[in-house]
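Student: Hi, could you walk me through this one? I'd like to start with the pockets.

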Amino acid sequence: MRHSKPRVFVTRVIPDAGLTLLEKHTDADVWPHDRAPTREELVRGAKNADALVTLLTEKVDADVLAAAPRVRIVANVAVGFDNFDVAAATKAGVVMTNTPGVLDDTTADLAFALLLCTARRLAEGDRLMRTGAWDGWGIMQLLGHDVHHATLGIVGFGRIGRGVARRALGFDMTVLYADEFPASPEVERELHVTRVPLDELLARSDFVTLHTPLLPGTKHLINAQSLEKMKRTACLINTSRGPVIDEAALVQALRSGTIAGAGLDVYEHEPKMAPGLAELDNVVILPHIGSASYATRGKMAQMAASNVIAFFEGKTPPNALNPEALTRPT
Ligand code: DGY
């Protein structure tokens, strides 16, 4: 029976909703800096910890786990977990968790905001005003693309993709989706969506929005060839993971007019951007803020903390990615 509180290394100051819980139930050691720990710093913090609470900036792989032999649970404050080597964790008897569900609407809001911003050139307009370059109303000024009644293609029709489809209903859009798994006929009817092969979606859509996790099969899903299949007037929106797009190919496509524009919240090598991207006027670039609302970030932190606490209470963490790790003798 455990008498002392488990030691948890938390890799950043997270919202109070999660921190308070952790501080009540565990001995929380919070990385105090406003930047991600380096790999060495992560290993140093993890070394004597029983659990880790990480952000998507921390890569937790076999080497980190080997350097932190006491760690039994790693809780990501993110739904995406491409920063985790789940197979290595299972092998080491370490359970990993994420934060599904609580950020769907917030991320769908951001995807739709990016879509509107890109289509109607809001960021360019903002720059024009701030630089004092606006010299009055012009009939040919900042013409953009209509969102209402346009065709929207959703790549990856999970919870967030469906949230975007729901928002598109209010704009009278025709909505196509591409996903390995078809939605039920009830969902397709309710959201007025039609499943089509990816190539057809790319060819027919005025807006293509990406909502697929980063997996070996989705890396560079959007590359030079797929960009060629899109309409020259189309815009590409990405709030999923950067490496789903070949970013160098996208810069080329935006430069040459292969597509009209892009709205990006995520990048292939964060926090860096592909050379040339930031110089383009037809791209809206945000710093990975899909889930960044006060309420949602609070829920994510609380969920991660609850997973850790459940584990040390001898329960299966509600959002375990590899519950089989719990049954593995260590
Ligand atoms: C996630 O949760 O995976 C987002 O990218 C950050 O909220």
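Tutor: Happy to! A pocket here is an open set of grid points with protein on both sides within 12 Å along at least five of seven lines. Keep in mind that this is a predicted model.

Student: OK, how much space lies in the second largest pocket?

Tutor: About 190 Å³. The lining has 18 residues, and the closest to the pocket's centre are Thr118, Arg121, Glu124, Ala260 and Asn282.

Student: Which element gives the most to that lining?

Tutor: That's α6, with four residues. α5 (104–119) and β12 (283–285) each supply at least two as well.

Student: And how does the lining divide into nonpolar, polar and charged?

Tutor: Nine residues are nonpolar, five polar and four charged.

Student: Switching to salt bridges: how many does the structure hold?

Tutor: There are 16. One of them joins Arg7 and Asp29, with the closest N and O atoms 3.3 Å apart. Arg7 is in strand β1 and Asp29 in strand β2, so the pair ties together parts 22 residues apart in sequence.

Student: What about Asp126, which residue does it pair with?

Tutor: Arg130, at 2.5 Å between the closest N and O atoms. Both sit in helix α6, four residues apart, which is about one turn.

Student: Is Arg130 buried or exposed?

Tutor: Exposed, because its relative accessibility is 67% and the cut-off for exposed is over 50%.

Student: Last topic: which residues form the nonpolar surface patch?

Tutor: Met129, Trp134, Trp137, Ile139, Met140 and Leu143, with about 800 Å² of accessible area together. Trp137 is in the loop between α6 and β6, and at 70% relative accessibility Trp137 counts as exposed.

How values were computed: Residues are numbered from 1 along each chain as its sequence is written. This is a predicted model: local features need pLDDT of at least 70, side-chain atom pairs count only at pLDDT 80 or more; totals for chains, interfaces and linings use all residues. Side-chain values use heavy atoms; hydrogens and water are left out. Patches are made of residues with over 30% relative accessible area and no salt bridge: like charges are joined within 9 Å, nonpolar side chains (Val, Leu, Ile, Met, Phe, Trp, Tyr) within 5 Å. Accessible areas come from the Shrake-Rupley method with a 1.4 Å probe; for residues, only the protein chains shown count as cover. A salt bridge is a side-chain nitrogen of Lys or Arg within 4 Å of a carboxyl oxygen of Asp or Glu. Buried means under 20% relative accessible area, exposed over 50%, partly exposed in between (1.4 Å probe, protein chains only). On a 1 Å grid over the protein atoms alone, a cavity is a set of points where a 1.4 Å probe fits but cannot get out, and a pocket is an open set with protein on both sides within 12 Å along at least five of seven lines; lining residues have an atom within 4 Å of a point. Grid points are joined across faces, edges and corners, and a volume is the space filled by probe spheres set on the points. Ala, Val, Leu, Ile, Met, Phe, Trp, Tyr, Cys and Pro count as nonpolar, Asp, Glu, Lys and Arg as charged, and the others, Gly among them, as polar.
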